[in-house]
Amino acid sequence: MWYNGSVAIGDGNMKKKVIRWKIVNPNQKPRIIENLYKQPIYDMYEIELEYNTGEKEVTKVFCEHDTIEDLNEADIRLKNEFFGGRVKRLKEEQGRNDYIFLGRVMIDDDGRFAFDREYIMPNTQVSAQRYFDEKAYPALKQVLEQERSSSNNQQQVQNSQANNATVGKHYAISDVHGMLGSYMEAIRKLNDKDKLIILGDAIDRGKYGIDILQDIMQRQGEHGKKPQVTYMLGNHDFAFIEFIEVMKRCNLTIDELNYIVEARDLKIALGSIGIDIKMYEGRNEKVPSNLLARRSKYQIEQEDITRKLKDMQDKKGISEKEIENLGIWLVNNKGFNTANGFLQLDEGKQKELYNFLINSLVVSTERVKGQKFLFTHAAPPNILDCGNEEDLMINVTFEQMRKKYGFEQTRRFLEDRKGTAKNKFKDWKKFGFITVCGHEPKAGEIVEDANNGFICIDAGCGSNHKLALYCLEDRKTEMIEAKEEDKRTTQDFDDLR
Ligand SMILES: [Mn+2]
């Protein structure tokens, strides 16, 4: 049976399309889901897209049980541009034709990403297990070791050729997001004299963020492994530091972390269901009983989890805000891979990693071929705060910034958006600087904004799998395509940030 509906397709530039749905094989699950969930909670569907031109195509979708009817009756009639946008993105940019799709993304009042129906879990017990499964990580380690040893061999061969280079160049990459293969390939393309500046967010989304950070640690400083690497922090690194500090201060257990994840899952699910119910009510239509039943079930679970979290607040001294921040990082920002990796390390290695992070730079400057560059994850600092510095050539670590401006101000700095920070870029431009930054991906492209004086090199490594290796001397970019193994670790997610 086909369900019919119409939907606006495209990101921003809407093109109208008509779609229809059909259940193909309710018991077939995507492989990645099978790994994550112990219950067959997803059905596979085919959707037929019909373009205005009359052209038709069929693509596969995986949906949570029972939600396809909701989508048909509700979401499709509702303007659901994200659905179309996602189909388009996944098909065009990733060449994929199977994925999980559960509906819309919701943006909160501040224009920030709030929830995503991808995270609705009918069984939150199961969903929480996926984040902190002690057995999951070692299996991945094996894959990692294979990648390492093959890249080491190649590295040796390459080094013997490349070491003869007399002068090194400066390169920058950003927002690697756990894609170890892409990171290693960037490293392999450099010679021993080159310098690589990483503009933050090496972690989260993909599975190997911790391994990337550990490799970077070995390459830091004059006497480190070559080529030399400088790591700067992004907003994901900030959230990771917050996680480590709260974990340590409050001595949280794995169970308690899972409560935080469950609470977040439930909040997202209830938020999404709430939107649907409001929509039916707004149209004076009967709210489907399965939707109401799901809401009651989640509400009961939420009451239970709220009690547990209250208990944690009293006994462990974790604040409500910290619980929320951790939940957002672990679930929405896909920090669970990083958290899992971190928890597998012994205490000494954990400490080493933490010290590395808090002493990493958040702002740095460099002269390359006479041109002044400012490096930062999101946007430059307010130039007035840096006025006393000689020539404005500054290097600021996370700890220095936190001491001077506080934790929350540092968070805001690392989360800054290009749209609102234009004047900061322009101020630095007046003093002859080009800002090189990341943070806001453009699929498969770097953005050179000469007017505002910045180059954003985030080509979306963690979402559409393109890593831009930017050479400052040549002002040229090389695009690195992610390895299949890395792609699989993010295949069940797609996100804008
Ligand atoms: Mn970022």
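Two strands count as paired if DSSP finds at least two bridges between them. With that in hand, let's walk through this predicted model.

## The chain overall

There are 17 helices and 17 strands in this chain. Of its 497 residues, 40% count as buried. Look at the contacts with a separation of 6 or more, and 71% of them come from residues 24 or more positions apart.

## A six-stranded sheet

Let's start with an open sheet of six strands, in the order S12-S10-S11-S13-S15-S14, with mixed pairing. S12 and strand S14 (447-449) stand at the edges with a single partner strand each, so one side of each has no neighbour in the sheet.

Helix H16 (residues 422-430) packs on this sheet and touches S11, S13 and strand S15 (454-456). The direction of H16 makes about 140° with that of S13.

Now for the pairs. Strand S10 (residues 361-368) runs antiparallel to S11, over six bridges. S11 and strand S13 (residues 433-437) run parallel instead, joined by four bridges. As a bit of background, strands of a sheet pair through backbone hydrogen bonds, either parallel or antiparallel.

Which residue of S13 is the bridge partner of Leu-374? It's Thr-435. Phe-373 has its own bridge partner in S13, namely Ile-434.

Next, follow the chain to Ile-394, in the loop between strand S11 (371-376) and strand S12 (396-397). Leaving out residues up to four places away in sequence, Ile-394 touches Val-363, Thr-365, Cys-386 and Glu-389. Ile-394 and Phe-375 are 19 residues apart in sequence, and their C-alpha atoms are 10.0 Å apart in space.

## A five-stranded sheet

Another open sheet has five strands in the order S9-S8-S7-S16-S17, again with mixed pairing. Strand S9 (228-231) and strand S17 (476-481) stand at its edges; each has a single partner strand, so one side of each is left without a neighbour in the sheet. From one strand to the next, the twist averages 25°.

Strand S16 (residues 466-471) and S17 run antiparallel and are joined by six bridges. Leu-469 stands opposite Glu-478 in S17.

## The core

The largest nonpolar core has 87 residues. Leu-467 is one of those with the most contacts inside it, and the others are Ala-172, Ile-173, Ile-198, Met-232 and Val-362. Helix H9 (residues 254-282) gives the most to this core, with nine residues.

What does Leu-467 touch, not counting residues up to four places away in sequence? Its contacts include Ile-173, Val-176, Met-179 and Ile-480.

Helix H10 (residues 289-316) has 28 residues and spans 40 Å from its first C-alpha to its last, close to the 40 Å expected at 1.5 Å a residue. Arg-294, Tyr-298, Ile-305 and Leu-309 are buried in H10. In general, an α-helix has 3.6 residues a turn, so residues three or four places apart point the same way. Just after H10 comes Gly-317, with a positive phi of about 75°.

Most residues other than glycine have a negative phi, and most peptide bonds are trans. Here are some spots that go the other way.

| Where | Backbone feature | Value |
|---|---|---|
| Asp-201 | positive phi | near 55° |
| Asp-204 | positive phi | about 70° |
| Lys-226 to Pro-227 | cis peptide bond, omega | near -5° |

Asp-201 sits in the loop between strand S8 (195-198) and H7, and Asp-204 is in the loop between S8 and H7 too. Why does Asp-201 count as buried? Because 33 other C-beta atoms lie within 10 Å. Asp-204 is buried as well, with 29 of them within 10 Å. As for Pro-227, its place is the loop between helix H7 (209-219) and S9.

How values were computed:
Residues numbered from 1 in each chain as written. Predicted model: local features only at pLDDT ≥ 70, side-chain atom pairs only at ≥ 80, totals over all residues. Helix = DSSP H or I, 4+ residues; strand = E, 2+ residues; numbered from the N terminus. Contact = placed C-beta atoms within 7 Å. Axes fitted to C-alpha atoms, helices over the stretch in contact; angles between N-to-C directions. Expected span 1.5 Å × (residues − 1). Buried ≥ 20, exposed ≤ 12 C-beta atoms within 10 Å, placed from the backbone. Core = buried A, V, L, I, M, F, W, Y, C linked by C-beta atoms within 7 Å.
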